[in-house]
Amino acid sequence: MVAWVLGLLVPVHVPAASAAWALSTAFALVLLAPARHPLARRLALFGAAVAWAATVMALDLEARLPEARSGDDFTVTGEVAALPEDNGRLTRLVLDVDTIDPALPRRPERMRLSWYGEAPVVRAGERWRLRVRLKRPRGFMNPVRFDYEAWLTRRGISATGYIHGGERLAAAAGVAGWRGRLAGTLATRLGGGGDGAAVVRALLVGDRRGISGDLWKTLRTLGVTHLVAISGLHIGLVAGLAGLLSAALWRRVPAFARRWPASVAGALCGMSAALAYAAAAGFSLPTRRALVMAAVVAGALLWRRRPSRWRGLTLAATAVLTPDPWASLSPGFWLSFGAVALILLAWRPGRRRLGGALRVQIAVTAGLTPLLLHSFGAFSWVSAPVNLIAVPLTGLLIVPGAFLAAAADAVWPAGHVLTAFAAVLDTVLTAAAWLAERITMVRPGPLAPAFWPLLGAAGGIALLPRGFPGRWLTLALAGLALTAPSPPRPALKVTFVEVGQGAATVVETRRHVLVFDTGPRWGAGASAARYSLVPYLRGHGVSTIDRLVVSHADADHAGGLAAVRRAVAVDRLVSGEPGETGGSPCRAGQSWRWDGVTFRMLAPVETGRSGNAASCVLVVDTGRHRVLLTGDLVAADEPAVAARIRSPVDVLQVGHHGSATSTTPGLLRAARPRLAVISAGYDNRYGLPAPAVVARLARCGARVVNLAESGAVTVRETGAGAWWVRRERPARRRLYHERPHGVQAGRQNRYDSGRLGDRPDNGGGKTCGNWSRPAAG
């Protein structure tokens, strides 16, 4: 069964570039099925699991909206599958689709839709007919941990879009409708409430819509976010309490006890309670795992057999992954199963309860820390002691208290009981917030290359049987992993972050960081920086930006300024429109030098300008290589900038997102770029980049890349002066990611991981107006 589970993981996580040979090899292993050797049979089972998972994945991906129909309007009918999110300005819902018009070869089965403005009240379980504009699932591809496309995939989303209008066809029904009614009843009983009321709703029906951003921050800082989600811990508690209570009552009725043993009645009642609670939580991943494990325990009681500790965990993984291989994309999958595995490893029957609980908590915290680092780039150093108090408090008081309060309200309307319980929780959460303000999350930044090998070796030795010689090496190897130095920064590294229809660039020298623009602002106060630029900075260990340059105040360049300043410290802010953004003005002639790298402002010539004409223009020069950042530089100002360019540039950030109002032949004759980076949104309404600009750049011999197609682009100069370029989408792509595309007449540009040599080759000549040069190398 372990071979089956491992096989289910392969197609989901194999890189797309090597998927063909990896899947072919796995399929070939199925031919070993007739063999009698146990190893051959396990390999055959592994290959069969790979084939099964690949088939399920192919069918799911085939249901995605066809790329040719992305941006089209449709009329769809279906059922609202989950609790809708409504912040007053925007309603988001998930729709399980029944019909779609115009028809498609295969209709998307689930959509995530946004309803802007004054939308009607939408409830889970209702059936609607909606007029929608759909897009194929796609997200930014940046060197950050959050992957929006993976997030959509593991939720079964085949299309995204927004709603023009619609009509309700039927009232709420089914499990989703029941869950929605429960959530609505709780919201009514608790009133507006505060954080305590939000936690009660989260614990009882998995409704986390009311949890504020500040509360999430507090819970993350303390390492207890798992306690406000209906997890395996809560399912186990409910099943155990229901089973014990029902068994005790069953024994008091002799007629019942003679007919069925109390243990059987307790097992059945416990499973029924667990199933109802999991349904209230929407059958989330941790609840599905807990249900299977509870079923194993219940089955053992029914058949009077003692279950294997590991068999239940393996059965749970099989039951979760076989129908849904995408489940392993969720960090919760690894954290959930990892926590149970660590508990099974650390628990020693017969030990003192307090000592055993302490041992288990330390093992879980230490074991999950690497997973937290890998998934989120941070962990809470107080997680172990806080959880040692919070887990018993939640399990013995908060969860039972919430259920008793809800039960009292169900028997007799007693909203004041729930309200009083929520008020008690408010006090607890206020104390938690006070503690969290005095604690800082550990964000180590880029890890040493030896970190994971050393930590893996430490974990392997820790799993050796007790008494095995050399187990003391566990602590030594773990200490080496934690103290290994991080990789040094290159002489120059420039990352063009994908932020949609906007721009954001991070320039790193050995000891300094400059950010040029912060990406666009979205509706409802959100911005692209929250999901792209800020995670990049945190993931790379940037706690202070030495200089933040906002080229001008347009929303697509300055929209993420507030989000960036909330997340990291800014030593100095420079802007083309300081009156709008704050900071000091940028102006041609300004220059400074960091770690052997020279920074020079080429525009604007004068202060007091506004809009695109105020754009800061910056050249970054290592002596060997140069990068030119242009903001929204307009054609009228390009001759003045061209006159200040002293040497050809290696990389040009194409002005105004590839608009035809910028990037004139005069600028290109002066810059002579080898690589041209366009920061435009995927399938944007402006039709950017303009075909004329792309053709002009190609005639000049520049290789053109659009972030919307390639994901983030990183260029770096190593200590030896080599110049490397990486496109994030081709480098990171898995089978569920959208394919990268070229921008030059559909031709793929082959330079994602290769070296751009210092010397151009002598291929056919390229012309840029009246200037010619050899093709770029």
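## Stop 1: R609 and its loop

Select R609 first: setting aside neighbours within four places in sequence, R609 is in contact with G576, E577, P604, A614 and D637, where contact means heavy atoms within 4.5 Å. R609 sits in the loop between β16 and β17 (617–621); helices (H or I, at least four residues) and strands (E, at least two) are DSSP runs, numbered from the N terminus. Is R609 buried, partly exposed or exposed? R609 counts as partly exposed, because its relative accessibility is 27% (buried means under 20% relative accessible area, exposed over 50%, partly exposed in between, with a 1.4 Å probe and protein chains only).

A quick word before moving on. This is a predicted model, in which local features need pLDDT of at least 70 and side-chain atom pairs count only at pLDDT 80 or more, while totals for chains, interfaces and linings use all residues. Residues are numbered from 1 along each chain as its sequence is written, and side-chain values use heavy atoms, with hydrogens and water left out.

## Stop 2: two positive phi values

Now pick D595, in the loop between β15 (591–594) and β16 (597–603). Its phi is near 50 degrees, a positive value in a residue other than glycine. D595 counts as partly exposed, at 24% relative accessibility.

Then jump to H656, in the loop between β19 (651–653) and α24 (665–671). H656 is not a glycine either, yet it has a positive phi of about 55 degrees.

## Stop 3: two cis peptide bonds

Zoom in on D101 and P102, which are joined by a cis peptide bond with omega about 0 degrees. P102 belongs to the loop between β3 (90–101) and β4 (110–116).

For the other one, go to L688 and P689: a cis peptide bond joins them, and omega is about 5 degrees. Here P689 lies in the loop between β20 (675–678) and α25 (691–699).

## Stop 4

Select S70, in the loop between α3 and β1 (73–80). S70 is buried, with a relative accessible area of 15%. Not counting residues up to four places away in sequence, S70 touches L65, L134, K135, R136 and D683.

Next comes T153, in helix α4 (residues 148–154). What is T153 in contact with, leaving aside its neighbours within four places in sequence? Show R64, W326, L329 and Y736. T153 counts as buried, at 6% relative accessibility.

## Stop 5: α1 against α3

Colour helix α1 (residues 2–13) and helix α3 (residues 38–62). They pack at an angle of about 40 degrees, with their axes 7 Å apart. The axes are lines fitted to C-alpha atoms, for helices over the stretch in contact, and angles run from 0 to 180 degrees between N-to-C directions. The two helices are therefore oblique to each other (under 35 degrees counts as roughly parallel, over 145 as roughly antiparallel, 65 to 115 as roughly perpendicular and the rest as oblique). α1 passes α3 in a right-handed crossing; a crossing is right-handed if the near helix is turned clockwise from the far one by less than a right angle, and left-handed if anticlockwise.

To see the contact, show residues of α1 including W4, L8 and V12, and residues of α3 including F46, W52 and M57. The contact of α1 with α3 divides into 16 nonpolar residues, 1 polar and 1 charged (Ala, Val, Leu, Ile, Met, Phe, Trp, Tyr, Cys and Pro count as nonpolar, Asp, Glu, Lys and Arg as charged, and the others, Gly among them, as polar).

## Stop 6: α17 against α18

Switch to helix α17 (residues 451–462) and helix α18 (residues 473–483), which pack at about 165 degrees with axes 8 Å apart. That makes α17 and α18 roughly antiparallel to each other, and α17 passes α18 in a left-handed crossing. In α17, F451, L454, L455, A457, A458, I461 and A462 meet L473, T474, L477, A478, L480, A481 and L482 in α18. This contact divides into 13 nonpolar residues, 1 polar and no charged.

## Stop 7: the cores

Finish with the largest nonpolar core, which has 38 residues. A nonpolar core is a set of buried Ala, Val, Leu, Ile, Met, Phe, Trp, Tyr and Cys residues joined through side-chain atoms within 4.5 Å. Select V199, V200, I211, L222 and V224, the residues with the most contacts inside this core. Its largest share, 8 residues, comes from α6. From V200, contacts beyond four places in sequence go to L190, L418, F421, A422 and L425. Apart from this core lies another, of 28 residues, among them W592, V620, L629 and L707.
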